[in-house]
Amino acid sequence: MNDQAGYDPRAVEAMVAQERATYLARNPVSAARQGGTGNLFGGVPMTWLAKSAAPFPLHFEGAFGARVVDADGHELVDFCLGDTGAMAGHSPLPTVEAVARRYGTLGGATTMLLTEDAGVCGSILADRFGLPLWSFALTATDANRWSIRLARALTGRSKILVNSYSYHGSVDESFAVKGPDGAVSRRGNVGPPCDVARTTRVAEFNDLADLERELAHGDVAAVLMEPAMTNMGIVLPEPGYLAGVRALTRAAGTLLINDETHTLSAGPGGCTAAWRLEPDIVTLGKAIGGGIPSAAYGISQDVADRLAARPDLDLVDTGGVGGTLAGNALSLAAVRATLTEVLTPEAFVQMTALSTRYATGVEKIIRGAGLPWSISQLGARAEYRFTDPAPRNGTASEAATDLLLEDYLHLYLLNRGVLLTPFHNMALMCPATTEADVDLHLGLLGGAVDQLVGA
Ligand code: PMP
């Protein structure tokens, strides 16, 4: 033992090799299906699905609630939940019934006509987030993209500002981190349309002086941010930071877009409602349709009034905001059922209590083993990070990334029936998650840590 994260890397390499061998023996059907027919780019349906700590990604047969049954018949407790897309649990019954009714009984998924569900969905979101007017998309990426366009149109400014090492979907402007002289491309950025410094300014999360400096250029249309970062571990806002962001953006004439795609875990109205934030625009995605593609953005009355005064903007055809399948009847039937019957305020209370049980248990294991790690919780979501205290911005959190350690923990858990999200150590609770599920993870993590510190 001992490097900075509290273990001997050579011993962990050997443990990872052992876990990979176990995985190989345990998953012959997934192994045999690798690469499919040979006609998939990267051997997978979407290139991200190749990311796995295992020698090959897992195939699955079915998923209900907090459980996935893999192709080899193992039942896994799922804390990944489709990296938030299944926050409502897999195939929750009310959503299944609403989708079957819409698509099968009534018929019609996409018609360029309206259904009653749209207005109901808008009202629920307005009640929960406090923004009066809503529009729908199919991905959070698109909700962000369209919000950015609206902000540029209203302000006449060219740039957006993001926090270093944030993630907001495949939005061109957002693949930027802080460089010595401003924004630079994030490592691996595939085919950026231009130098990101032309489109983007970057600040560190929790650093108001940095934000103020960047806004002082007077060219930022919108700050696009998560109220708590969730894509480089969980980085929580320090007291006063979010109020400072709001004051600085208002003073600079810059719109504030809260991306609540992941931070919805904080409660039914995300961090916006939980912390009484006052963004100009909120974006949502992934979870709100119970796994059926759906996303949304909400705008303030002020933004709506300013847009209404701009008849030059083509919002009904080829102006660059909207999409053919966005707001389709199937998607909205799923959103209505998921929000009203599955992701209810009561469900969030239960999910958050489980997440607290999870975080408290992990903290005990970390302290018991004397590991320099930390755990952060945001409502129904919690994540451990290999540094202590918890990082206060994206750059510090990125520096604590330890892929070897992540591989070890992911594989150890997966081989024993627990699934974490492949991109990080995030664990999310859904309405079907139980105390026993949380305790299973804690018991296994305890075993993995014992092996780690004993090595
Ligand atoms: N915003 C945030 C905060 C996200 O975490 C993600 C995806 N991880 C997105 C937007 C984009 O979501 P999608 O890939 O569904 O467009």
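Predicted model: local features only at pLDDT ≥ 70, side-chain atom pairs only at ≥ 80, totals over all residues.
Let me start with the contact between Arg392 and Glu238, which form a salt bridge whose closest N and O atoms are 2.7 Å apart, a salt bridge being a side-chain nitrogen of Lys or Arg within 4 Å of a carboxyl oxygen of Asp or Glu. Arg392 lies in the loop between strand E14 (381-385) and helix H12, while Glu238 lies in the loop between strand E9 (220-225) and helix H7 (241-252), so the pair ties together parts that are 154 residues apart in sequence. Both ends are partly exposed, Arg392 at 41% relative accessibility and Glu238 at 31%, where partly exposed covers the range between buried, under 20% relative accessible area, and exposed, over 50%, with a 1.4 Å probe and protein chains only.

Residues are numbered from 1 along each chain as its sequence is written, and side-chain values use heavy atoms, with hydrogens and water left out.

Across the whole structure, a search finds 27 salt bridges. One of them joins Arg187 to Glu398, with the closest N and O atoms 4.0 Å apart. Arg187 sits in the loop between strand E7 (182-185) and strand E8 (200-203), and Glu398 in helix H12 (residues 394-399), so this pair ties together parts that are 211 residues apart in sequence. Arg187 counts as exposed at 77% relative accessibility, whereas Glu398, at 23%, counts as partly exposed. Another salt bridge brings together the side chains of Arg10 and Asp8, at 3.8 Å from N to O; here Arg10 is exposed at 65% relative accessibility, but Asp8 is buried, with a relative accessible area of 18%.

Turning to the rings, the structure holds eight aromatic pairs, and by pair I mean rings of Phe, Tyr and Trp (its six-membered ring) with centres within 6.5 Å, where planes under 30 degrees apart count as stacked, over 60 as edge-to-face and the rest as tilted. Tyr23 and Phe56 have ring centres 5.0 Å apart and planes at 55°, so this pair is tilted. Since Tyr23 lies in helix H1 (residues 9-26) and Phe56 in the loop between helix H2 (28-32) and strand E1 (60-64), the pair ties together parts that are 33 residues apart in sequence. Both residues are buried, Tyr23 with a relative accessible area of 1% and Phe56 with 8%. Elsewhere, ring pairs link Trp48, Tyr167 and Phe175 into a cluster.

Finally, the overall picture. The protein has 14 helices and 16 strands, these being DSSP runs numbered from the N terminus, with helices (H or I) of at least four residues and strands (E) of at least two. For 455 residues, a compact globule would have a radius of gyration near 23 Å, and the 22 Å found here agrees with that; the radius is taken over C-alpha atoms, and the globule rule is 2.2 Å times the number of residues to the power 0.38. The C-alpha atoms fill a box of roughly 65 × 60 × 45 Å along the principal axes, and buried residues make up 53% of the 455.
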